[in-house]
Amino acid sequence: MSSTPPESSAPSEVRLKDLRRTDDGIALLARVVSANRREITRKSDGGRRTMLSGILTDGTASVRFTWWDPPPEGVERGTVLRAVNAKVREFQGHLEVSFDGRSRVAEASPLELPALASAELPRRPLASLRPRDEGFSLEARIVRIGEKNVTVGDERRVVYEGVLGDASGTLAFSCWTDFRLKSGEALRISGGYIGSFRGRPQLVLDERAQVDRISGAELPGPERFANAPPRSIADLEVSAGGVDVCVEGIVVGLSPPSGLVYRCPTCRRQTQGGLCRLHGRVEGEPDLRARLVLDDGTGSATVQAGRADTELLGGFTLSELLGRLRSQPDPSRFEEELFERTFGERLRVRGDASRDDFGVSLYPSKIERVLPVRAPPIEELERRLKEVLP
Ligand SMILES: [Zn+2]
């Protein structure tokens, strides 16, 4: 009696959404979303090893991967890999895969990736999507779109970037494929995934994404998104930032550096004692900025205000301050003045939000003071009381 030894049969590939912790090697088929190559120095003997790490996706989920001693080239964004005997491990609460000397990894055709029907995928509101999400469909309207020429290796390519909106909020997106998208169009999208770009979630559409025009009768009109209602800072923390958001809160502090600053004329970095981190001693150009700490009761965020907004909030102009410097050589006075004028003010801030280890930052496109609702004069109240009381 004989049976085929199990190791001779080709192991079937695990879908990434079904990935589980196991000590056995697994087989998988997935596309490289990002890959970074690093040289690691071994502590024991100082020997060097190459490690490639990044994100893999098969359309059902995305996972981090590490690859020890990868081939010297040929693995980049978009490459589809078939791996046999890959290891699964848990790192910081997430499962990830690693390829080592016992794994066999080879390039495969994108056509081998499993096809995903959009009807199979759950529909998700934009505000619920988080970095690394995958395997969803959505319906949204294009709030704006533009194109940008970028150089990838030796190649010039066009990337289409913009913002999508639905009733739940807005989300940045980018695609390398020209889907001939136009501002205001309503779309049903599946096969995209959520990446993170400059500390913000972003929907990435590659050639496998399915984009269909729909009537969009249920979606808010384009004008809605320019005046989106405020979102809570706690919510922005959870969603890891966002584009075209609106936040309303009270100024509770001013973080340094705020007020009059000097910038390197070449790279616009702020100079310290006449020195630029990159360009050494430079003739700094004066500028104004304010790092306002805004609190909305659910959390606090730093509003990174530029010169125009700082002038508006501080009630002074840059040239005025430079003139005053002659008689008042200590510029920290301007920072105090800015603090006095803004502390306790209620502001409505529109712009992009990003989240990093220090919390949520808002990059304003528009800052408005929200005037407190003025209490009616006492005579008015008495008159109204007389009307309602017998
Ligand atoms: Zn510089």
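Domain 2 and domain 3 are joined by one salt bridge, a salt bridge being a side-chain nitrogen of Lys or Arg within 4 Å of a carboxyl oxygen of Asp or Glu. The side chains that form this bridge belong to Arg 144 and Asp 244, with an N to O distance of 2.7 Å.

The model is predicted, so local features need pLDDT of at least 70 and side-chain atom pairs count only at pLDDT 80 or more, while totals for chains, interfaces and linings use all residues. Residues are numbered from 1 along each chain as its sequence is written, and side-chain values use heavy atoms, with hydrogens and water left out.

The domain bounds come from an automatic or database domain assignment:

| Domain | Residues |
|---|---|
| Domain 1 | 6-112 |
| Domain 2 | 118-225 |
| Domain 3 | 233-369 |

The C-alpha centres of domain 2 and domain 3 are 31 Å apart. In contact (heavy atoms within 4.5 Å) are 13 residues of domain 2 and 11 residues of domain 3. Together the two domains bury about 920 Å², of which 47% is on carbon and sulfur atoms; buried area is the accessible area (1.4 Å probe) that two parts lose on being put together, summed over both.

On the side of domain 2 that touches domain 3, strands E7 (137-152), E9 (169-175) and E12 (200-205) each give two or more residues; strands are DSSP runs (E, at least two residues), numbered from the N terminus. The largest share, three residues, comes from E9.

How values were computed
Helices (H or I, at least four residues) and strands (E, at least two) are DSSP runs, numbered from the N terminus.
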